[in-house]
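The following report describes a single protein chain. Its subject is the packing of secondary-structure elements and the surroundings of selected residues.

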Amino acid sequence: AREIEEEMVPYLHRVQDSLLQDDDDDDSEEQHTMIHAIVLLCGVNNVLDMNSTASSFYSDVHSLIRSIRNNNPRLSSTPLIVLGLPDFSKLPFLPWPLAFVLGYRGRMMQTMLEKAVREVQLKERE
């Protein structure tokens, strides 16, 4: 999540600004080009990295969502779709002990992902 925030969020803001600037330069009455939705998928690498903790993942995701929402007012109303983590315990190619451990870690990370999304949603409603 931290890498997405550091690399992709500034890019996302530049793209949105560029699209809006192109629309301002175009005097036609065509529909404005804009980002219609943002899809966020993160956490798989955190599950696999045994040095990553659920609490650090929560902090990273919370910070990522806030930076998407707060750093560009035009993106604050863009729908943000946050995808959940796969259930690693159900992946058929993982042997039993590894599937169990990754399944447990994945559930912990999924809980933190849901908590971060809920908290940001509550703050947006205030």
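How many salt bridges does a search of the whole structure find? The search finds one, where a salt bridge is a side-chain nitrogen of Lys or Arg within 4 Å of a carboxyl oxygen of Asp or Glu. The structure is a predicted model, in which local features need pLDDT of at least 70 and side-chain atom pairs count only at pLDDT 80 or more, while totals for chains, interfaces and linings use all residues. Residues are numbered from 1 along each chain as its sequence is written, and side-chain values use heavy atoms, with hydrogens and water left out.

## The salt bridge

The partners are glutamate 124 and arginine 69, whose closest N and O atoms are 2.9 Å apart. Glutamate 124 belongs to helix H4 and arginine 69 to helix H3, so that the pair links distant parts of the chain, 55 residues apart; helices (H or I, at least four residues) and strands (E, at least two) are DSSP runs, numbered from the N terminus. Side chains of opposite charge can pair when their charged atoms come close. Arginine 69 counts as buried at 11% relative accessibility, whereas glutamate 124 is partly exposed, with a relative accessible area of 43%. Here buried means under 20% relative accessible area, exposed over 50%, and partly exposed in between (1.4 Å probe, protein chains only).

## Overall arrangement

The protein has four helices and two strands, and along the sequence these follow the pattern α-β-α-α-β-α. Of its 126 residues, 35% count as buried. Contact means heavy atoms within 4.5 Å. Among contacts between residues at least 6 apart in sequence, 74% join residues at least 24 apart.

## Helices H3 and H4

H3 spans residues 54-70 and H4 spans residues 96-125; their axes come within 9 Å and cross at roughly 35°. The axes are lines fitted to C-alpha atoms, for helices over the stretch in contact, and angles run from 0 to 180 degrees between N-to-C directions. The crossing of H3 past H4 is right-handed, meaning that the near helix is turned clockwise from the far one by less than a right angle.

On the H3 side, the residues that meet H4 are Ala54, Phe57, Tyr58, Val61, His62, Ile65, Arg66 and Arg69. Their counterparts in H4 include Met108, Met109, Met112, Leu113, Ala116, Val117, Val120 and Glu124. By class, this contact of H3 with H4 has twelve nonpolar, one polar and five charged residues. In that classification Ala, Val, Leu, Ile, Met, Phe, Trp, Tyr, Cys and Pro are nonpolar, Asp, Glu, Lys and Arg are charged, and the others, Gly among them, are polar.

H3 is mostly covered, with twelve of its 17 residues buried. Among them are Asp60, Ser63, Leu64, Ser67 and Ile68. In H4, the buried residues include Ala99, Leu102, Gly103, Arg105, Gly106 and Gln110. What covers the buried residues of H4 includes helix H2 (44-48), H3 and strand E2 (80-82).

## Selected residues

Methionine 109 is found in helix H4 and counts as buried at 0% relative accessibility. Beyond residues up to four places away in sequence, methionine 109 touches Asn46, Val47, Ser52, Thr53, Ala54, Phe57 and Leu85. The C-alpha atoms of methionine 109 and tyrosine 58 are separated by 7.6 Å, although the two residues are 51 residues apart along the chain.

Asparagine 46, in helix H2, is buried with a relative accessible area of 12%. Leaving aside neighbours within four places in sequence, asparagine 46 is in contact with Ala1, Ser52, Phe57, Arg105 and Met109. The C-alpha atoms of asparagine 46 and arginine 105, 59 residues apart along the chain, lie 8.8 Å from each other.

Leucine 94 is located in the loop between E2 and H4 and is buried at 17% relative accessibility. Not counting residues up to four places away in sequence, leucine 94 touches Phe88, Ala99 and Leu102.

Leucine 19 lies in helix H1 (residues 2-25) and counts as partly exposed at 22% relative accessibility. Its C-alpha atom is separated by 8.4 Å from that of isoleucine 35, 16 residues apart along the chain.
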